[in-house]
Amino acid sequence: SVCMETLEHVPDSLVHPYLELLSTHTRRYTFITVPIEKGLVFAAKYLVKRFGNMEAEPYTSAEYFNAALGRLENVQRHEHKGFDFARLIQSAGRYFEIIDVSPYPLAFLPDSLGFGVGIIGKAITKQ
């Protein structure tokens, strides 16, 4: 199964049901991609959007600094805003055996420095 650039749009309350449903339809492997919306990558992407006359989610000053520091529990969640890829990886681990997590576009960087991450999970055999 493939789930690309989708789960950051799913409200937190629906992430586990979504992943559970995905797991019931996955026979072998799943490939999930999501953007990174915290830390230095978030700060840079937000500033480019904001000052490049592109559409950017509205953040308060406090939310911006919290997201830039990776403290997403202090950011009101909406779409990309407040999305935590690390929490998603943890959630996906309940439904899939996580085989690999790699940042993109440059896989040699630490996860937190990619524009997003690709997650490869293996279906868990149901008994």
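Select helix H3, residues 61–68, and begin with Ser 61 and Phe 65, which are exposed on one side of the helix. The model is a predicted one, so the confidence values given further on deserve attention alongside the geometry.

Next, colour Glu 63, Tyr 64, Asn 66 and Ala 67 of H3, which are buried. These residues lie on the same side of H3 because they cover an arc of only 165° around the axis. In general, residues three or four places apart in an α-helix point the same way, because there are 3.6 residues a turn. The buried residues of H3 pack against H2. Just after H3, select Gly 70, where phi is positive at about 85°.

Remain in helix H3 and centre the view on Glu 63. Is Glu 63 buried or exposed? Glu 63 counts as buried, since its relative accessible area is 10% and the cut-off for buried is under 20%. Display the residues in contact with Glu 63 beyond its neighbours within four places in sequence: Pro 58, Asn 74, Val 75, Gln 76 and Lys 81. Of these contacts, Val 75 is 12 residues away from Glu 63 along the chain, yet their C-alpha atoms are separated by 5.1 Å.

Now select Lys 81, which forms a salt bridge with Glu 63; the closest N and O atoms are 2.9 Å apart. The pair links distant parts of the chain, with Lys 81 in the loop between H3 and H4 and Glu 63 in helix H3, 18 residues apart. Lys 81 is also buried, at 9% relative accessibility.

**Other salt bridges**

The structure holds 5 salt bridges. Select Arg 87 and Asp 12, another such pair, whose closest N and O atoms are 3.5 Å apart. Because Arg 87 lies in helix H4 and Asp 12 in helix H1, this pair ties together parts that are 75 residues apart in sequence. Arg 87 is partly exposed, with a relative accessible area of 39%, and Asp 12 is partly exposed at 40%.

Then move to Glu 37, which forms a salt bridge with Lys 45, the closest N and O atoms being 3.4 Å apart. Glu 37 is buried, with 5% relative accessible area.

**The buried side of H4**

Return to helix H4, residues 85–92, and colour its buried residues: Phe 85, Leu 88, Ile 89, Ser 91 and Ala 92. They are on the same side of H4, because the arc they cover around the axis is only 160°. Helix H1 (12–24), S2, strand S3 (96–104) and strand S4 (116–123) are included in what covers these residues. Centre on Ser 91, which is buried at a relative accessible area of 10%. Apart from residues up to four places away in sequence, Ser 91 touches His 16 and Leu 19.

Switch to a surface view and select Val 2, Met 4, Tyr 29, Phe 31, Ile 99 and Ile 120, which make a nonpolar patch of about 550 Å². Strands S1 (2–4) and S2 (29–35) are the elements that give two or more residues to the patch. Val 2, found in strand S1, is exposed at 59% relative accessibility.

**Confidence**

Finally, colour the model by pLDDT. The mean for the protein is 92, and 98% of its residues reach 70 or more. Among the elements, S2 has the highest mean pLDDT (97) and helix H2 (residues 39–51) the lowest (91).

Methods. Residues are numbered from 1 along each chain as its sequence is written. This is a predicted model: local features need pLDDT of at least 70, side-chain atom pairs count only at pLDDT 80 or more; totals for chains, interfaces and linings use all residues. Side-chain values use heavy atoms; hydrogens and water are left out. Patches are made of residues with over 30% relative accessible area and no salt bridge: like charges are joined within 9 Å, nonpolar side chains (Val, Leu, Ile, Met, Phe, Trp, Tyr) within 5 Å. Accessible areas come from the Shrake-Rupley method with a 1.4 Å probe; for residues, only the protein chains shown count as cover. A salt bridge is a side-chain nitrogen of Lys or Arg within 4 Å of a carboxyl oxygen of Asp or Glu. Helices (H or I, at least four residues) and strands (E, at least two) are DSSP runs, numbered from the N terminus. Buried means under 20% relative accessible area, exposed over 50%, partly exposed in between (1.4 Å probe, protein chains only). pLDDT is the predictor's confidence in each residue, from 0 to 100. The arc is that of the directions from the helix axis to the C-beta atoms. Contact means heavy atoms within 4.5 Å.
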